[in-house]
Amino acid sequence: TIEMREYPLCIGDNPSVSDPDGPPLQLCWEPDCELSIDIEEFEHYRNGSGEDCVARRRGEDLRLNSERRKYMALQSGHTHQEIASAVRQVNRDRRRR
């Protein structure tokens with residue numbers, strides 16, 4: 001059995017975010033939900049080729065541009081003001097490095 005957890009997104013504070021126009025995102029500390037799945041079923045979804053399977057992503061597929069990060073922050077319940085404030089703070093921190 002494999003135990004999985006899903007975590008909500010929070011606005012982060014990492015000044016090394018790749019695109020300075022968007023907010024850094026991170027996982028919040030508390031999970032939204034937990035799930036147990038049989039290892040054989042997990043391997044089917046991870047390695048299979050059917051329409052219900054999820055392809056594994058490479059590093060460059062995991063990078064999010066600033067617009068996508070803004071959208072995800074808004075979808076997670078953050079306001080435009082919170083996002084703008086986080087971007088300003090991260091850019092200040094980046095200049096201090």
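Student: How much space lies in the second largest pocket, and what makes it a pocket?
Tutor: About 320 Å³ of space lies in there. On a 1 Å grid over the protein atoms alone, a cavity is a set of points where a 1.4 Å probe fits but cannot get out, whereas a pocket is an open set with protein on both sides within 12 Å along at least five of seven lines. The volume is the space filled by probe spheres set on the points, which are joined across faces, edges and corners. Before we go on: this is a predicted model, where local features need pLDDT of at least 70, side-chain atom pairs count only at pLDDT 80 or more, and totals for chains, interfaces and linings use all residues. Residues are numbered from 1 along each chain as its sequence is written, and side-chain values use heavy atoms, with hydrogens and water left out.

Student: Which residues line the second largest pocket?
Tutor: There are 14 of them, and Leu 25, Leu 62, Arg 63, Leu 64 and Arg 69 lie nearest the centre. A lining residue has an atom within 4 Å of a point. Helix 3 (66-75) gives the most to this lining, with three residues. Helices (H or I, at least four residues) and strands (E, at least two) are DSSP runs, numbered from the N terminus.

Student: How do the lining residues of the second largest pocket divide?
Tutor: Into six nonpolar, three polar and five charged. Here Ala, Val, Leu, Ile, Met, Phe, Trp, Tyr, Cys and Pro count as nonpolar, Asp, Glu, Lys and Arg as charged, and the others, Gly among them, as polar.

Student: What makes Arg 57 buried or exposed?
Tutor: Arg 57 has 61% relative accessibility, so it counts as exposed. You'll find Arg 57 in the loop between helix 1 and helix 2.

Student: What does the largest pocket have in its lining?
Tutor: The largest pocket, with about 490 Å³ of space, is lined by 13 residues. Strand 4 supplies the largest share, four residues. The lining has eight nonpolar, no polar and five charged residues.

Student: What pattern does the protein chain follow, and how do you know how spread out it is?
Tutor: Along the sequence, the pattern is β-β-β-β-α-α-α-α. The radius of gyration is 17 Å, well over the 13 Å that the globule rule gives for 97 residues, so the protein chain is more spread out than a compact globule. That radius is taken over C-alpha atoms, and the rule is 2.2 Å times the number of residues to the power 0.38. Those C-alpha atoms fill a box of roughly 50 × 25 × 25 Å along the principal axes.

Note on methods
Buried < 20%, exposed > 50% of the residue type's maximum accessible area, 1.4 Å probe, protein only.
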